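Please consult the sequence and the model while reading.

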Amino acid sequence: MKISVQKLPEGALKPIESDPKKLGFCKYFTDRMFTMQYSEADNWHNPEIKALGPLNLEPSSIVLHYAQEIFEGMKAFRTSKGEVNLFRPEMNARRFNRSAARLCMPSLPEHDFIDSIEAMIKLEERWIPSSRGAALYIRPFMIATDTILGVRASSNYMYCVILSPVGPYYQEGFNPVSLYVTDEFSRAAFGGMGEAKTGGNYAASLLAGRVAREKGCAQVLWLDPVHRRYIEEVGAMNIFFVFEDRLVTPKLNGSILAGVTRDTILMLAPHLNLKAEEREISIEEVVGGITTGAITEVFGCGTAASISPVGNLKYKDKDYIVNNRKVGKISQTIYDFLLGVQYGEKEDIFKWNKKIEF
Ligand SMILES: *Cc1c(COP(=O)(O)O)cnc(C)c1O
């Protein structure tokens, strides 16, 4: 892929917020964006890096009406030695193509996906925060751009990559959150798009998220859409339950998003002398296990937060307090291991990091 790079005038570059605590999550975007077009006749073409700015879209573009859209979320980390790493980017490239297949969108060669990100990061290097916990968030996405409002897959697409410096996720410390278990709403149904990283799933989740916040909870814990019984995942994270030295996470069932962080923790478990199980786990088993103390810790996991300890589940208006709302030992150990590898402080024994060569 031969990327055409537009030179930005020196004076056009934005100032960078230098206090990582003020960065927040995806509030600021870097100076440039990557775009590339797809058509049936020309396949992927016209890869470009240019000034970040509004997209030129017709109001009739299919994505605006029928939500034919997919995205990815990943991070570039600056290590303690000043190097820049991506974390398992091939996993995101593959998942992007699985999402594309589900939404009848064209696949993008994995190396083009990774090259587009690397080219952007090399140009935007000054935006990568160097404090531990902060990172450069990477948002690749693809949208359908046909301008005919018939309901069918588009023939034309745009792929785009934007970057945003993000501050440490835990500003006020690594504190457990409360989850609201909804038995009213579903995020995705079996046979639906739950396994795809697509905006429609997020639109479907917003109302439940609002109810959760009204109940004083940070996020929603989703149950399966048929029985409203088996745990699926949290907001934009997968979930793990700790039974002393055993990790249990819901097995992928077609409506759960296969998180890279989830997969990473499953790989890591044996190394930490933990057993890991992917299986169905019901809400009865969870609230029972929390009540008897069989479940010692609960945590969510995803690229944004890495590990998010859970201190409370609210189910049918009853609170189930986990580990006295304290961060558990295993959650802390996994968090320290992941950040240790990502920030280059710990040996990368599983070869998760992909170093960017400048
Ligand atoms: C992105 C996402 C996750 C987490 O995936 P990671 O690859 O670990 O960041 C979990 N659930 C949903 C619904 C997601 O969109």
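A pocket is an open set of grid points with protein on both sides within 12 Å along at least five of seven lines. The model discussed here is predicted.

Q: Which pocket is taken by the ligand?
A: Pockets are found on a grid over the protein atoms alone. The space that the ligand takes is the largest pocket.

Q: How many residues surround the ligand, and how many of them are charged?
A: The ligand is surrounded by 15 residues, the closest being K197, Y202, E233, T261 and T303. By class, this shell holds 5 nonpolar and 6 polar residues, and its charged residues number 4.

Q: What radius of gyration does the chain have?
A: The C-alpha trace spans about 60 × 50 × 35 Å along its principal axes. For 358 residues, a compact globule would have a radius of gyration near 21 Å, and the chain agrees with this because its own value is 21 Å.

Definitions and conventions. Residues are numbered from 1 along each chain as its sequence is written. This is a predicted model: local features need pLDDT of at least 70, side-chain atom pairs count only at pLDDT 80 or more; totals for chains, interfaces and linings use all residues. Side-chain values use heavy atoms; hydrogens and water are left out. A residue is near a molecule or strand if one of its heavy atoms lies within 4 Å of it. On a 1 Å grid over the protein atoms alone, a cavity is a set of points where a 1.4 Å probe fits but cannot get out, and a pocket is an open set with protein on both sides within 12 Å along at least five of seven lines; lining residues have an atom within 4 Å of a point. A molecule sits in a cavity or pocket if more than half of its atoms lie within 2 Å of its grid points. Ala, Val, Leu, Ile, Met, Phe, Trp, Tyr, Cys and Pro count as nonpolar, Asp, Glu, Lys and Arg as charged, and the others, Gly among them, as polar. The radius of gyration is taken over C-alpha atoms; the globule rule is 2.2 Å times the number of residues to the power 0.38.
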